[in-house]
Amino acid sequence: MAEHPSAHPAEGEGQTAAPAYNSSETTVHYGPDFVAQLAAMEAGVSVEEQEAIAALPSGSALLIVRRGPNTGARFLLDADVTIAGRHPDADIFLDDVTVSRKHAEFRREGTSFTVRDLGSLNGLFFNGERADGPMALVDGSEVQVGKFRLTFYASRADRRPVA
């Protein structure tokens with residue numbers, strides 16, 4: 001089978017030089033903020049929620065309802081003690097019969113947070129397991145109060161650098 005003469009251009013005709021390969025121009029370094037954004041996207045955190053988390057001041061955190069009657073609701077943790085329950089005066093009001101009047105306590109110590117059950121009837125669950133004492137909260141921790149599943153996110157200003 002004969003080749004068509006136009007299938008191969010003459011030397012120098014219609015050809016462009018390939019760019020020189022420089023490994024320093026193709027290496028990309030991603031910082032901890034980018035890594036956190038990727039992890040958040042994988043965990044189902046919307047762009048709007050990522051922006052709310054990024055805007056948190058130092059010493060604060062955010063709880064986002066992932067399941068339950070108020071799915072998508074956000075609660076700011078910015079006090080030393082925050083009570084969640086069915087009582088109308090609770091700091092985090094969770095209106096459902098599966099929630100005790102004073103169900104759980106979120107406590108801030110410096111830039112760290114813990115959660116503990118306040119003797120509720122249905123108990124408190126931390127990452128799917130019943131919590132028997134104070135539990136340390138880290139990004140992505142899931143706290144279940146009655147039917148409500150809340151995910152915890154700390155202020156990005158308080159994140160420790162990755163070694």
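Biologist: Which residue in strand 10 is the bridge partner of F125?

Modeller: The partner of F125 is Q144. Before going on, note that this is a predicted model, in which local features need pLDDT of at least 70 and side-chain atom pairs count only at pLDDT 80 or more, while totals for chains, interfaces and linings use all residues. Residues are numbered from 1 along each chain as its sequence is written, and side-chain values use heavy atoms, with hydrogens and water left out.

Biologist: What counts as a strand, and what counts as a pair of strands?

Modeller: Strands are DSSP runs of E with at least two residues, numbered from the N terminus. Two strands pair if DSSP finds at least two bridges between them. Here strand 7 (residues 124-126) and strand 10 (residues 142-145) are antiparallel, with 3 bridges.

Biologist: How many bridges join strand 10 to strand 11?

Modeller: There are 4, and these two strands also run antiparallel. E142 stands opposite T151 in strand 11. The two strands form a hairpin with 2 residues between them, and G146 in the turn has a positive phi of about 60 degrees.

Biologist: Is N127 buried, partly exposed or exposed?

Modeller: Buried means under 20% relative accessible area, exposed means over 50%, and partly exposed is in between (1.4 Å probe, protein chains only). At 43%, N127 is partly exposed.

Biologist: Why is strand 1 described as largely enclosed by the rest of the structure?

Modeller: Because 5 of its 7 residues are buried; strand 1 covers residues 61-67. Strand 1 pairs antiparallel with strand 2 (residues 74-77) over 4 bridges, and R74 in strand 2 is the bridge partner of I64. Their hairpin has 6 residues between the strands, with G68 at a positive phi near 125 degrees. Strand 1 is also joined by 6 bridges to strand 11 (residues 148-154), again antiparallel. In that pairing, R67 has R149 as its bridge partner.

Biologist: Which residues does S100 touch, leaving out those up to four places away in sequence?

Modeller: Contact means heavy atoms within 4.5 Å. S100 touches G85, R86, S120 and L121. S100 lies in the loop between strand 4 (92-93) and strand 5 (104-109), and is buried at 16% relative accessible area.
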